[in-house]
Amino acid sequence: MCSLENEFSIHKSQQLNASIDAGQFSGSTEFILINDHRTNKYRHRQQQVIVNDKNENFCHNYVRKIFRKKILHKRLPILQWLPKYNRDDAIGDLIAGITVGLTVVSQGLAYSNVAGLPTQFGLYGSFMGCFVYVLLGTCKDSTVGSTAVASLLTYQVAKGVWEKAVLLTFLTGLIEIFMAIFRLGFLVDFVSGPVSAGFTSAVALIVCTSQVKNILGVQSEGSSFLQRWISMLKDIKSVRVNDAVLGICCVTILLGMRILGKLQIGPKVQDEQNWKQKCINKTLWFIGVTRNATLVITCTVITMYLELQGKHYFKLTGNVPEGLPSIALPPFSIASHPPNDTYSIPSEVGDENFLDMVESLGYGLIIVPVIAMLENISACKAFAKGKAIDATQELFAIGVANVANSLFQGYRANSGLARSAVNNASGVRTPLANLYIGLMVMLALVYLAKYFYYIPLSLLGAIIISAVIFQVQYNAIKPMWRSKRSDLLLSFLAFIACLVMPLEIGILVAIGVNLLFILYHSAKPKITLETMMQTLDGLKFLKITPDRCLIFPSAEFVRNLILKSGCQTSLPVVIDCTYIYGSDYTAAKVISSIVDDFKRRQHKIVFFNLKPSVAHIFEGLNTRLILCYDVDSLTYELKNPNSYHSNDHIVYEDNNSNNTMINTIPLNKK
């Protein structure tokens, strides 16, 4: 309880509570005592001296700041863990790298189909990012590669044109680097948890829908969830029975292997298990983790045998170029080429220059970095174990990784939560595991590319469906319903918008509605109305306490409340400004009109504990305020009703002396 309540007993006015709607709100009455209330003239002179001193040595201090050991370790995280690297770390990283590498190769082949690109592009974007993350990454569990979200956004923005997909990777990588330099990581805060849950669930369903065509062997066109299903239903007569049977069986097997990998024999505590139980549990876990690679190898061998026998039962991936891609700048123009039904390019692509390509990418240049940042930070937070996450460094690392990917014709790569979970479960020790993951992808491109021809497309579709179906966040519905039902409405809105509209438009709509909710709540602050009386002198006044900063959305609401309450009582009005930590020009105009209105009615209004920074904003409009910062000065003002009539002064209370004293500071004299 603050000193203001220690000196005055609180009597809540029944009349005010009955007549004023805001009287039902409650808030804290604690305040912070501020001791430094020097004049603006003195403060400005002192600040100018400090600024001049800083400007003289700016370059010298800036260079020293950049090359400090602390900064280098922060921006090159490898310098922190590499000197401490030991044999146990090397073994753990090697095992984790090989295990995750098998997953990355199979998922890279599959996710390229989601992006509407030839198969090899999924692997082109899965090795350079890993190498970069070894140097710049901060999370040992995070891996950089193709993800469902990145692949779907790439398809939505680039429309299956590989030149645009590579340019999108390059430009969004540069944007992320600039965002990191200017510390714009806070933008991810505008995507709330409910919106993220709805968006992620919609992406999971859209990705599953995009792969149904591979399992059934039907045509699927359109950029939204509904358009794809309508297209597939129209072509339902073209279902390939062999592909459908293989795809359904593969989904069932993958889900069964996933469950098998979570089984444990014997006690749940590992230390209490004997060596046989540990061996069985490790084997089951390894089967579950490598289920994608195991099924790909098995089905490829069977398909290869059938093809050599002249039995063409399944629709295959097709030729994949052998070897690593050549390093080159991303394409800044497009030469015309014909349509490609295999990769859902419905019409011929004409000649486009750089500006045409950027214009066609549109909102994707904004949406893709923000959603990528959200996905990357989510993966890091999932395994942070209470440690702080350097969002700026993660944003910089992913940005550089995608620029590097674009130089090798790779498309967009993010940190995937599923792969990071496998990495964590495999016993990863440092980010060096990404080195082995990248090497596994490179070896696959060099030595295994010719065998990728025999991979059935229905198998790749089954891998994606079994992976993303668990990203539908139905578990969040019940907690949101119990916690705050309006958040559940936001989640459903994001979910429906992303299904009905193109993905980038849907997420923009969801974020926009979320911001409207925030603005609405900021425009309706909670305000406490209380009548207070001093126990000794019997002084009474009306105390009004806003619970947040006074800015333009809430200014008119607060003005109406203060004027209404002031007209209904003859008591002095005291505004407890403890929680008004910020303001703006609109609010300053409102405060000025309130003060003028009270002055015309000869009605005293006092601002208690108004922070000097906020008072400076009000002072810019020559607003004449009475400011008090302790109970003694407030009592003095209440006992002297005529002290208000100073037309050219703002009143401050001096706390630097033991005796209460009122100083008047002319506003017009600088």
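Here are some notes on the chain, its salt bridges and a few residues worth a look.

1. Before anything else: this is a predicted model, where local features need pLDDT of at least 70, side-chain atom pairs count only at pLDDT 80 or more, and totals for chains, interfaces and linings use all residues. Residues are numbered from 1 along each chain as its sequence is written, and side-chain values use heavy atoms, with hydrogens and water left out.

2. The overall picture: the chain has 29 helices and 10 strands (DSSP runs numbered from the N terminus, helices being H or I with at least four residues and strands E with at least two). Of its 670 residues, 51% count as buried (under 20% relative accessible area; exposed is over 50%, partly exposed in between, with a 1.4 Å probe and protein chains only). Among contacts with a separation of 6 or more, 78% are between residues 24 or more positions apart (contact means heavy atoms within 4.5 Å).

3. Now the charge pairs. Side chains of opposite charge can pair when their charged atoms come close. The count here is 13 salt bridges (a side-chain nitrogen of Lys or Arg within 4 Å of a carboxyl oxygen of Asp or Glu).

4. Take Asp89 and Arg429, whose side chains form a salt bridge at 3.1 Å, N to O. Asp89 sits in helix H7 and Arg429 in the loop between helix H20 and helix H21, so the pair ties together parts that are 340 residues apart in sequence. Asp89 is buried at 8% relative accessible area, while Arg429 is partly exposed at 40%.

5. Arg412 and Glu176 also make a salt bridge, at 2.7 Å, N to O. Arg412 is buried at 1% relative accessibility, and Glu176 is buried at 0%.

6. For a local pair, look at Glu556 and Arg559, with their closest N and O atoms 3.3 Å apart in a salt bridge. Both lie in helix H26, 3 residues apart, so about one helical turn separates them. Glu556 is partly exposed at 42%, as is Arg559 at 24%.

7. Finally, check Gln393 in helix H19, which is buried with a relative accessible area of 0%. Leaving aside neighbours within four places in sequence, Gln393 contacts Lys74, Arg75, Pro77, Leu136 and Thr138. One of these, Lys74, belongs to helix H5 and is partly exposed at 36%.
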